[in-house]
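Trainee: Could you take me through this one, starting with the pockets?
Mentor: Gladly, and a definition will come before the values.

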Amino acid sequence: MPVQVGDGEFLMKVAVGTPTGGGLVGLGRGALSLISQLRSKVDKKFSYCLLSITDSSSQTSPLFFRQGASLSGGAKFIPLIKSSVIPTFWYIPITGITLDGKAIDIPAGTFDLQSDGSRGMIIDSETTVTILDEAAYSPVKDDIQSAIDLTPADGSSVGSNLCYQTSGKVSLPSLTFNFKGGVDYELPVDNFFIQASSDLLCLAMLGEPSGNPSIFGNIQ
């Protein structure tokens, strides 16, 4: 894991899946994380820019510290939420999800962080796919199924319960995550449907029992 120290900034290039093995870099708010231990050295600033899963495996996802962590080029910003029960997580203020511009009917309060630490949504670079509270996942899945005219396929071999048979380019609906402050993030198609095999296209999202925090995964 090469580390470059420049004028007033740190840049760490993290190579994922190298022959020498892998590990975890703690980027949470907890006292033991790399970010917390370096906070006085990096002025409490970092940014981790994940490459697309379709990029070359020879490329790396850069992790910037201090002045180098400043984002430009049309970046949008949302406030982060902190839980007093689970203070290490980065909670994000999601307000809803829309499909082709139409709001999906998700019960009010599904994504609201509760005082006991339940619900809410965290952003987690270690989790691959987005995991939604079942109260949100069920209507998201239903609306996507209604919008796609393809042959359903068994995705149990890849751990997905919404897959289609396809061997080429297909027309898919647009999926947008809505955040507090009017910030919308429309997912590129490659970031919410993944080509699991040459003829199997699967939704990169799963559901979990209601009450657990939802997770915005690294593919998204």
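Mentor: On a 1 Å grid over the protein atoms alone, a pocket is an open set of points where a 1.4 Å probe fits, with protein on both sides within 12 Å along at least five of seven lines, and lining residues have an atom within 4 Å of a point. A volume is the space filled by probe spheres set on the points, which are joined across faces, edges and corners. The model is predicted, with local features needing pLDDT of at least 70 and side-chain atom pairs pLDDT 80 or more, while totals for chains, interfaces and linings use all residues. Residues are numbered from 1 along each chain as its sequence is written, and side-chain values use heavy atoms, without hydrogens or water.

Trainee: What volume does the second largest pocket have?
Mentor: About 260 Å³, and its lining includes Phe 193, Ile 194, Gln 195 and Leu 201.

Trainee: Which strand gives the most to that lining?
Mentor: That is β13, with three residues; strands here are DSSP runs of E, at least two residues long, numbered from the N terminus.

Trainee: And what does β13 pair with?
Mentor: Four bridges join β13 to β14, residues 200-203, and the two run antiparallel, where pairing requires at least two DSSP bridges. Gln 195 has Leu 201 as its bridge partner in β14.

Trainee: Where does β13 sit in the sheet?
Mentor: β13 (193-197) is an edge strand, as is β9 (151-153), each pairing on one side only, and the open sheet has four strands in the order β9-β10-β14-β13.
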